[in-house]
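Hello,

Here is the structure I said I would pass on. My notes are below it.

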Amino acid sequence: MRDAVTTLIRTYDITGRYFDRDAIDRLKAYFDTGMARVQAAAVINANASAIVKQAGSALFEEQPELIRPGGNAYTTRRYAACLRDMDYYLRYASYALVAGDTDVLDERVLEGLRETYNSLSVSIGPTVRGIQIMKEIVKAQVSEAGIADNGFLDQPFDYMAGELAEKDI
Ligand SMILES: CCC1=C(C)/C(=C/C2=NC(=C\c3[nH]c(/C=C4\NC(=O)[C@H](C)[C@H]4CC)c(C)c3CCC(=O)O)/C(CCC(=O)O)=C2C)NC1=O
């Protein structure tokens, strides 16, 4: 599992190079946003269950067929599994935010996920939408908490959504 720093070291070490200007710029950008990343993770941590609940409600309001008979999130068990998956996405997004790297998402979340979803007929489209809704909620809450410099928030959510959507083809 890698973070922004170890990924950079790995890249430069492979070719035996010192950090060049590009590497220094990347390191600066990562450390400059370091405190804001930690603060954003704290906001997520403090509000996780509410974020998941709110995002789930919004998703099911947009796509009510999911929780109707025949829908993949129909029955209490599958409804709970769906919200649990949303909680996974949120928790791992918070890790990736702090790491400044998406490697943890590849390794712990996305690996084999599409196959699992396909085998259980979990639709990718609504899952992607659920991840996007959580992103919007998190961005609003982090802004409200006064963390203005939060351009880094999109990355983990967009990455998971993009990887899932792309692999659905
Ligand atoms: C940390 C990494 C990780 C992930 C990501 C993960 C996902 C994951 N989601 C699953 C099921 C599921 N996932 C969903 C999710 C949904 N259904 C919908 O209609 C919605 C679109 C969506 C919620 C947004 C549902 C309903 C199931 C149960 C499917 C079934 O058993 O029929 C399963 C099958 C096993 C189980 O039910 O626990 C896995 C492995 N597990 C992991 O360990």
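Predicted model: local features only at pLDDT ≥ 70, side-chain atom pairs only at ≥ 80, totals over all residues.

Overall picture. The protein chain has eight helices and zero strands, so the order of elements from the N terminus reads α-α-α-α-α-α-α-α. Along the principal axes, the C-alpha atoms fill a box of roughly 60 × 35 × 20 Å. The chain has 169 residues, and 41% of them count as buried. As for contacts between residues at least 6 apart in sequence, 68% join residues at least 24 apart.

The helix pair. Helix H1 covers residues 4–14 and helix H2 covers residues 21–32. The two pack at an angle of about 170°, and their axes are 10 Å apart. Because angles over 145 degrees count as roughly antiparallel, H1 is roughly antiparallel to H2.

Which residues make the contact? On the H1 side they are Ala4, Val5, Leu8 and Tyr12. H2 contributes Asp22, Ala23, Arg26, Leu27, Tyr30 and Phe31. Sorted by class, the contact of H1 with H2 has eight nonpolar residues, two charged residues and no polar ones.

Regards

Methods. Residues numbered from 1 in each chain as written. Heavy atoms only, no water. Axes fitted to C-alpha atoms, helices over the stretch in contact; angles between N-to-C directions. Helix = DSSP H or I, 4+ residues; strand = E, 2+ residues; numbered from the N terminus. Parallel < 35°, antiparallel > 145°, perpendicular 65-115°, else oblique. Contact = heavy atoms within 4.5 Å. Nonpolar A, V, L, I, M, F, W, Y, C, P; charged D, E, K, R; others polar. Buried < 20%, exposed > 50% of the residue type's maximum accessible area, 1.4 Å probe, protein only.
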